[in-house]
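Welcome! Have a look at it, then read on.

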Amino acid sequence: MFTLYHNGNLFYDDQTTDKSLMLTVARLITAAGEAGSFEMSVPPTNTAYDTFAKLTSYIDLYRDGDDDPIFSGRVLDETKDFQGISRIICEGLLALFNDSYFAPGVYTNITLKTLIQNMLTSHNSQVGTDKQITLGNMTVEDEYIYREYENYELTIDRLKDLVESYGGYMSLRKAHGALYFVWLSEISDVAPLSL
C-alpha cells in the first residue's frame with residue numbers, strides 16, 4: 001500500500017475507491033546519489049487539486065508500515081491538459097542544494113566532515129526554515145583534505161565535486177520532521193540519521 005501527502009495532508013491512498021484520494025498516473029524515478037523525481041497526474045476530483053505551488057509544496061510518498069518516506073520532494077512544475085488533469089513533476093530533496101551557493105575559499109588542514117558541516121551551515125544561512133539541513137551519518141572516510149574554491153558555485157555542484165573525488169553516495173533523508181544529509185561509502189551501509 002502507498003500513500004501520498006502534500007504538505008502533511010493525505011491526498012492519495014492506493015487502497016481506497018474514494019475519488020478524492022485518487023491519481024490517474026504516478027511514477028517514481030530514483031538513482032543512487034541523485035535527487036530523483038516523482039511525476040503524477042491529479043484529476044479535478046482529487047482533494048489536493050489546485051493546491052500545489054511550485055518550489056514551496058512538498059510531497060511525501062510512504063509505503064505501508066514505513067515511518068520514513070521512500071520519496072520526499074518539492075513541486076517543480078505543474079501543467080494542465082485539455083481535460084483539466086494536472087500533471088505535477090516533483091524533484092527530490094537533494095535538489096534543495098540548488099537554492100544556495102558556497103563561497104570561494106581555501107580549505108586546508110580540515111576534515112571532510114568539517115567541510116561538509118561548513119557547506120550545510122552556509123546553505124542553512126541562505127534558505128528558509130523548511131530547507132534547513134542537519135549533518136547525518138557519513139560512512140565515507142573522514143580524512144584531512146585540501147580544497148580551493150575560486151568562485152561562488154551552487155552547493156550541489158560543490159557536493160558533487162566531493163563525491164567525484166572521494167566516492168560514495170549522498171542523499172537527503174527526511175525523518176522526524178527534519179532533513180538530514182547522509183553520505184555513504186556503500187549503498188548497503190546502514191545509515192542512522194544522527195552522528
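Q: How far apart are the mean positions of the positive and negative charges of the protein chain, and what makes a residue count as charged?
A: Lys and Arg count as positive and Asp and Glu as negative, while His and the chain ends are not counted. Each charge is placed at NZ of Lys, CZ of Arg, CG of Asp or CD of Glu. On that basis the protein chain has 14 positive and 28 negative charges, and their mean positions are 5 Å apart.

Q: What kind of model is this, and how are its residues and atoms treated?
A: This is a predicted model, in which local features need pLDDT of at least 70 and side-chain atom pairs count only at pLDDT 80 or more, while totals for chains, interfaces and linings use all residues. Residues are numbered from 1 along each chain as its sequence is written, and side-chain values use heavy atoms, with hydrogens and water left out.

Q: Why is Asn7 called partly exposed?
A: Buried means under 20% relative accessible area, exposed means over 50%, and partly exposed lies in between (1.4 Å probe, protein chains only). Asn7 has 42% relative accessibility, so it counts as partly exposed. Asn7 sits in the loop between β1 (2-6) and β2 (9-13).

Q: Why is Asn109 called exposed?
A: Its relative accessibility is 65%, so Asn109 counts as exposed. Asn109 belongs to strand β9 (residues 105-111); a strand here is a DSSP run of E with at least two residues, numbered from the N terminus.

Q: What makes the phi values of Asn7 and Asn109 worth a look?
A: Most residues other than glycine have a negative phi. Asn7, which is not a glycine, has a positive phi of about 50°, and phi of Asn109 is near 55°, also positive.

Q: How do you know that β3 and β4 pair?
A: Two strands pair if DSSP finds at least two bridges between them. Five bridges join β3 to strand β4 (residues 37-42), and the two run antiparallel. In this pairing Ile29 stands opposite Ser37 in β4.

Q: Why do β2 and β3 count as edges of their sheet?
A: Seven strands form an open, antiparallel sheet in the order β2-β1-β5-β6-β7-β4-β3. β2 and β3 (25-29) each have a single partner strand, so one side of each is left without a neighbour in the sheet.

Terms used: Helices (H or I, at least four residues) and strands (E, at least two) are DSSP runs, numbered from the N terminus.
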